[in-house]
Amino acid sequence: MRLLVIEDDATLRESLAERLAEAGFAVEQAADGKEGLYFALEYPIDLAIVDLGLPGMSGLDIIREARQQGKDFPILILTARDRWEDKVDGLDAGADDYVVKPFQPEEVIARVNALLRRSGGWSSSLMTAGPVTLDMSRQDLKVRDESIELTSFEYKIIEYLMIRAGQVISKTELTERLYDQDFERDSNVIEVFIGRLRKKMDPDNSIKPIETLRGRGYRFALDRGPDA
Amino acid sequence: MSSLNARLLISVSVLLLFFFGVTIVVLDTAFRSAGEQSREDVLDGHLMALLAAAEPTDQGELAMPADLHDPRLSSIGSGLYAEIRNSAGVVRWSSKSALGHELPFGATAQEGSRLFQKESLSDATPLLTLSLSVQWEFPDGELKPFVFRVAESLDSFNAQVAKFRQQLFGWFAAVALVMLLAISTLLRRMLRPLRQIETEIGAIEEGKRQSLSGQYPTELQGVARNMNLLIDSERARSDRYKATLDNLAHSLKTPLAAMRALLNQGLPKKFSGRFDEQIERMDEIVRYQLRKPATLATKNLVLTQVSVAKEVDRLVDGLRKVYHDKDPVIETAIDDGIQFRGDKGDFLELAGNLLDNACKWCASRVRITIRQALSETGDKSGLVLSVADDGPGIPADAAEALLQRGTRLDESTPGHGIGLAVVKDIAHSYGGQLSIQTSDLGGAEITVTISPATT
């Protein structure tokens with residue numbers, strides 16, 4: 001998941017970015033409003049964290065502009081002004097949730113996970129599709145109630161696919177959204193990771209969680225909700 | 001006597017009364033004395049005619065002809081009388097008209113001079129008399145003193161004066177009435193700009209206007225301009241105050257947030273926990289101190305009308321996003337066209353904190369009700385806002401404690417936290433009350449009653 005953090009205070013921005021990276025996100029940072037808006041409009045972003053009190057261009061304007069341009073990724077606002085007027089203005093402008101400074105980084109990560117899950121249409125924090133269950137807060141994948149050992153990159157892929165269960169995701173999108181820096185990585189690597197995931201989740205090839213659509217990408221194929 | 005209009009009208013009435021009173025007295029006196037003068041001239045004429053008509057007889061008396069110059073002298077009780085007395089005061093002749101009347105015989109004039117006197121007949125009829133003492137020279141050369149006396153009843157004269165007075169009073173009263181009406185109309189016109197200022201200030205205080213209009217006469221333009229300057233500076237001050245608080249919040253909380261984010265990097269857990277506690281404390285102090293009601297002492301000049309339904313809709317839309325996973329059913333029941341007279345931020349703070357708490361604690365349902373509070377005078381600026389949920393509710397003793405307590409930070413209840421303290425502060429700053437009940441939904445119901453302004 002590629003996140004955008006727009007915050008003018010360097011210490012806060014960098015330490016928050018670090019914590020988010022530790023939690024497995026690819027993070028873009030912007031130090032002022034104009035730069036932030038540029039990233040929001042031009043980069044492949046899954047979620048933006050926007051500080052409301054920014055130099056150059058206010059957080060509210062960034063949110064309005066991004067929404068106007070048709071960007072529908074979730075937006076989490078950071079606000080120092082703990083007043084409802086500001087929260088309502090932010091939510092009204094198109095943000096989806098707010099966190100009041102000084103926040104616990106864990107709080108931000110939890111909100112980010114919830115928003116990402118929500119953006120894929122999941123309303124519960126446990127995502128269940130047939131025998132497969134993903135707990136984002138613990139980064140835990142279970143198949144038939146058994147935890148599967150995954151590398152962090154494998155986890156990122158299954159999380160991304162499962163949040164968007166039913167949608168076709170291209171290899172390019174996966175590389176863009178999941179690698180921290182280098183977009184130019186060989187897309188064959190993705191195929192390798194998908195292969196490993198299939199082996200770990202479905203060793204006897206019975207549930208077929210990930211479908212390959214030739215030339216188009218991959219799709220998490222199991223229906224949402226527990227087995228009947 | 002608080003109204004300028006009444007003051008001016010009363011002063012003008014007193015002045016008019018004085019002026020007209022003096023005028024009436026002067027005119028009355030002049031009319032009377034002119035009338036009396038002409039009466040005297042007439043009496044003098046009669047006396048001269050009598051003198052001319054008198055004929056000396058051989059007996060040493062004076063004889064008067066039967067036909068006198070004025071027929072009234074021959075008609076009984078006509079009001080014009082004449083007599084002649086000798087030096088002893090005995091009546092030697094009296095006109096027919098005096099038949100049955102004894103003319104009063106007052107002081108006698110000095111010889112050769114006239115004496116006017118006001119006397120009255122035996123039946124109290126007022127008279128003006130003129131007497132003249134003469135030495136009559138008889139043909140034999142003897143001189144005999146006689147007193148000639150004419151008297152005229154003043155009845156008709158007095159009636160004339162009374163009629164004059166009546167007319168005088170009538171006309172002056174009419175003129176005074178017309179003048180007072182004219183003056184009060186004039187005053188109303190002159191004072192209209194003042195009344196307009198009063199109305200417009202009222203509208204500003206109700207938040208219906210932003211400033212005084214510029215349509216004032218020259219004398220009042222300065223006042224209006226200064227009033228507008230005052231209002232603008234109050235608004236600016238209020239905005240500056242908010243901006244200062246915002247900046248302060250931003251510049252204090254961003255470093256606190258940064259500290260938190262840095263904490264877990266490399267510090268042993270037991271230190272980071274303690275640091276975190278301190279950060280929490282600082283944050284609470286900052287939050288509480290910076291969320292004081294936005295309005296100041298001169299709030300009447302900076303208030304606006306806040307459209308309650310619109311702001312609640314925005315809040316509910318926002319909260320639906322924030323509580324997306326819980327997805328509570330939020331019902332709103334708001335009177336049509338209801339307005340909150342005050343600061344928009346204050347209203348959002350009241351409703352936002354209550355709704356947020358309700359969403360946090362509810363099982364699945366939240367209801368916000370806002371009704372107009374009507375005062376006895378029909379002023380509609382008050383409102384009753386209540387938020388109910390179907391959560392665990394607040395036990396009666398805890399509710400009591402929440403309401404009784406001061407708003408000191410360390411006393412605010414966890415969970416309802418600063419939010420409720422802020423609601424209470426704001427409600428109080430608008431002269432309102434906070435109460436906690438059990439709602440029919442099963443959970444807590446918190447009601448804020450802001451009564452119509454008493455200022």
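Student: Which strands of chain B does α6(B) lie across, and at about what angle does α6(B) run to β12(B)?

Tutor: α6(B) lies across β11, β12 (382-389) and β14 (444-450) of chain B and runs at about 15 degrees to β12(B). Angles run from 0 to 180 degrees between N-to-C directions, and the axes are lines fitted to C-alpha atoms, for helices over the stretch in contact. Helices (H or I, at least four residues) and strands (E, at least two) are DSSP runs numbered from the N terminus. The model is predicted: local features need pLDDT of at least 70 and side-chain atom pairs count only at pLDDT 80 or more, while totals for chains, interfaces and linings use all residues. Residues are numbered from 1 along each chain as its sequence is written, and chains are lettered from A and ligands numbered from 1 in the order in which they are written.

Student: Why is one side of β9 and of β13 of chain B left without a neighbour in the sheet?

Tutor: The open sheet has five strands in the order β9-β11-β12-β14-β13 (chain B), with mixed pairing. β9 and β13 (432-438) of chain B each have a single partner strand, so one side of each has no neighbour in the sheet. On average, neighbouring strands of this sheet are turned by 10 degrees against each other, direction ignored.

Student: Why are the buried residues of α5(B) said to line one face of the helix?

Tutor: The buried residues of α5(B) are B:Val308, B:Val312, B:Leu315, B:Gly318 and B:Leu319. Seen down the axis of α5(B), they fall within an arc of 125 degrees, so they line one face; the arc is that of the directions from the helix axis to the C-beta atoms. These residues pack against α4 (84-93) of chain A and against several elements of chain B, including β9 (329-334) and α6.

Student: What span is expected of α5(B), and what does α5(B) reach?

Tutor: The expected span is 1.5 Å times one less than the number of residues. α5(B), with 15 residues, reaches 21 Å from its first C-alpha to its last, close to the 21 Å expected.

Student: What makes A:Lys208 count as exposed?

Tutor: A residue is buried if 20 or more other C-beta atoms lie within 10 Å of its own, exposed if 12 or fewer, and partly exposed in between; C-beta atoms are placed from the backbone. A:Lys208 has 12 C-beta neighbours inside 10 Å, so it counts as exposed. A:Lys208 lies in the loop between α8 (188-201) and β11 (210-213) of chain A, and its phi is near 45 degrees, a positive value in a residue other than glycine.

Student: Why is A:Gln139 called partly exposed?

Tutor: A:Gln139 has 15 other C-beta atoms within 10 Å and is therefore partly exposed. A:Gln139 sits in the loop between β7 and β8 of chain A, with a positive phi of about 50 degrees although it is not a glycine.

Student: How many residues does each chain give to the contact?

Tutor: Chain B gives 29 residues and chain A gives 27; two residues are in contact if their C-beta atoms, placed from the backbone, lie within 7 Å. The largest share of the side of chain B that touches chain A, eleven residues, comes from α3(B).

Methods. Pairing = 2+ DSSP bridges.
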